[in-house]
Amino acid sequence: MTGLHCLVTGATGYIGGRLVPELLGAGHRVRCLARSPEKLRDHPWAGRAEVVRGDVTDPESVGAALRGIDVAYYLVHSLGTGAGFEERDRAAARVFAERAHAAGVRRIVYLGGLTPAGIPVHALSPHLRSRAEVGEIFLASPVPATYLRAAVIIGSGSASFEMLRYLTERLPVMITPSWVGTSCQPIAVRDVLRYLVGSATMPPEVDRAFDIGGPDVVTYEEMMRRYAVVAGLPHRLILRVPMLTPRLSSHWIGLVTPVPRALARPLAESLRHEVVCDEHDIARYVPDPPGAPIGFDQALSLALQRVREAEVTTRWSSAAVPGVPSDPLPTDPDWAGGSLYTDRRERSVAATPEALWRVVEGIGGDNGWYSFPLAWAVRGWLDRLVGGVGIRRGRRDAARLRVGDSLDFWRVEEIEPGRLLRLRAEMRLPGLAWLEMYAEPAQAPGPAPAGGPPPRSRYRQRALFHPRGLLGHLYWWSVSPFHALVFGGMARNIARAAERLDRQAGRGAPASAAAPTAEVPHDSRPPQP
């Protein structure tokens, strides 16, 4: 059969980013609709898929993206975006359905949440209620729709898996809310992707919802205990208390896991009710191969293997969520987030811009941060003390970075090869923080320093902090006295490391003519695990 032309919305997210290569592997052509197409450019499949800019709430961009499309995947939602998210989801779904019909799309495929049987829609959590309403909007449209309903998705990097992993690994004794005794039917992300790909070729008369789940029905308490066994952890003691509401639970989850409270709360609320599949009719159209659906323990084992081998393709945090530092960028002229503190440093460098960029792109991990290693290590220890990621995550690659990479307690938000590296802080802070590093040619030949070569490049560095409340302002002013030591030393030592690298490559002046390098500490990296 000739491949279909598929549109994938939500390609920057957890499921969408994994679905695109699966569709390409099945012989389909893929177009991605993204608000920020640049976030997809470093994905391994980027050169094989078309990417267009647009937003599902904008009828014009949605209509343009749907032209010539056979199957449209709707994988976006407003989870964790604050008040009014249900109306935003409703409006976006209606726009998408109307434009899909106008464009002659053959099928809409939507991944929603599994809703509990016998519970009125109005009694559901806002998250589940909104997901169900979007599914009903697509089923009511003239375009045939496949509405897949899943409960907890288990896969490396999924929000549900990360929440389960961190809770179980970090807490040998747990005081838990009553919802840990509620049954659910988790599903492996591999099976979710298999059903999504298979939905593209369903017969035209199929226009319905399908429950999808794995073979195991378990409580969240059982999930934590079984995770401990699969991960080789000691037995976990779990004590239930009735007074932990979803709101309190979300604070607790946000403290212990990297999942933010805005996302943890709807996840916790969705676990209040039993969510078990009523049918497995999907197998009539997407047959299960031997060994599928994958069992819960095997799904955990596969996810843990990916994590341990550092082969996590996408993560829950890959998606752009309002409220995180990347929306809007600190360089946007319409930044409207209130106070924005900055610390700027600039150095002339007697090295080529290429040598300077190699140092910038190689920062972090075993290479360290080029200043006051004790300060970076202490900051990492403090972050871990309050449940943050700490500074020990290291790098995916020792020499190369791409957008989305984790880098100790930062994440690469933007990279312009040879020029700009922008990092977004993921440590726990009373605000939002970024660090920008630029490698640029010298604007004009400057005077050579005494006994040294003239500068050939310029290093610019900018730390930005958007405080949250009074605590955020107090935090900035409490650490600002150390900026000259940490950020100033960082700029100075990066410049000197580039000059040393340039000399070693035989492109610069002889070592005796260069500025001294004694200030570049050989142990300027944080302790590694």
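Methionine 437 touches Val360, Ile363, Arg419, Leu420, Leu421, Leu423, Tyr459, Arg460, Met490 and Ile494, when residues up to four places away in sequence are not counted; contact here means heavy atoms within 4.5 Å. The model is predicted, and local features need pLDDT of at least 70, side-chain atom pairs count only at pLDDT 80 or more, and totals for chains, interfaces and linings use all residues. Residues are numbered from 1 along each chain as its sequence is written, and side-chain values use heavy atoms, with hydrogens and water left out.

Met437 is, with Leu421 and Ile494, one of the residues with the most contacts inside the largest nonpolar core, which has 41 residues. A nonpolar core is a set of buried Ala, Val, Leu, Ile, Met, Phe, Trp, Tyr and Cys residues joined through side-chain atoms within 4.5 Å; buried means under 20% relative accessible area, exposed over 50%, and partly exposed in between (1.4 Å probe, protein chains only). Two or more residues of this core are given by each of strands S14 (341–349), S16 (410–416), S17 (420–425), S18 (431–441) and S19 (457–467) and helices H11 (353–361) and H14 (483–504). Helix H14 supplies the largest share, 9 residues. Another core, of 38 residues, lies apart from this one and includes Val20, Tyr73, Val109 and Tyr195.

In total, the protein has 14 helices and 19 strands, taken as DSSP runs numbered from the N terminus (helices H or I, at least four residues; strands E, at least two). Of its 529 residues, 54% are buried. Among contacts with a separation of 6 or more, 74% are between residues 24 or more positions apart. The accessible surface is about 22800 Å², 55% of it belonging to carbon and sulfur atoms, as computed by the Shrake-Rupley method with a 1.4 Å probe; for residues, only the protein chains shown count as cover.

An open sheet of 7 strands has the order S3-S2-S1-S4-S5-S6-S11, with parallel pairing; two strands pair if DSSP finds at least two bridges between them. Strand S3 (50–53) and strand S11 (208–212) are at the edges with a single partner strand each, so one side of each has no neighbour in the sheet. From one strand to the next the twist averages 20°; axes are lines fitted to C-alpha atoms, for helices over the stretch in contact, and angles run from 0 to 180 degrees between N-to-C directions. Strand S6 (residues 145–150) runs parallel to S11 and is joined to it by 5 bridges, and Arg149 has Asp211 of S11 as its bridge partner.

Helix H6 (residues 189–199) packs on the sheet by touching S4, S5, S6 and S11, and its direction makes about 155° with that of S5. Helix H1 (residues 14–25) lies across S1 (5–9), S2 (29–34), S4 (71–74) and S5 (107–113), at about 170° to S1. Because 9 of its 12 residues are buried, H1 is largely enclosed by the rest of the structure. The cover over the buried residues of H1 includes S1, S2, S4, S5, strand S7 (153–154) and H6. Glycine 27, with a positive phi near 95°, follows H1.

Glutamate 279 is located in the loop between helix H9 (261–270) and helix H10 (296–308). Its side chain reaches the backbone nitrogen of Asp211 at 2.8 Å and that of Asp281 at 2.8 Å. Beyond neighbours within four places in sequence, Glu279 is in contact with Arg208, Ala209, Phe210 and Asp211.

Definitions and conventions: A polar contact is a pair of N or O atoms within 3.5 Å; within protein, one must be able to donate a hydrogen and the other to accept it, and residues adjacent in sequence count only if both atoms are side-chain atoms.
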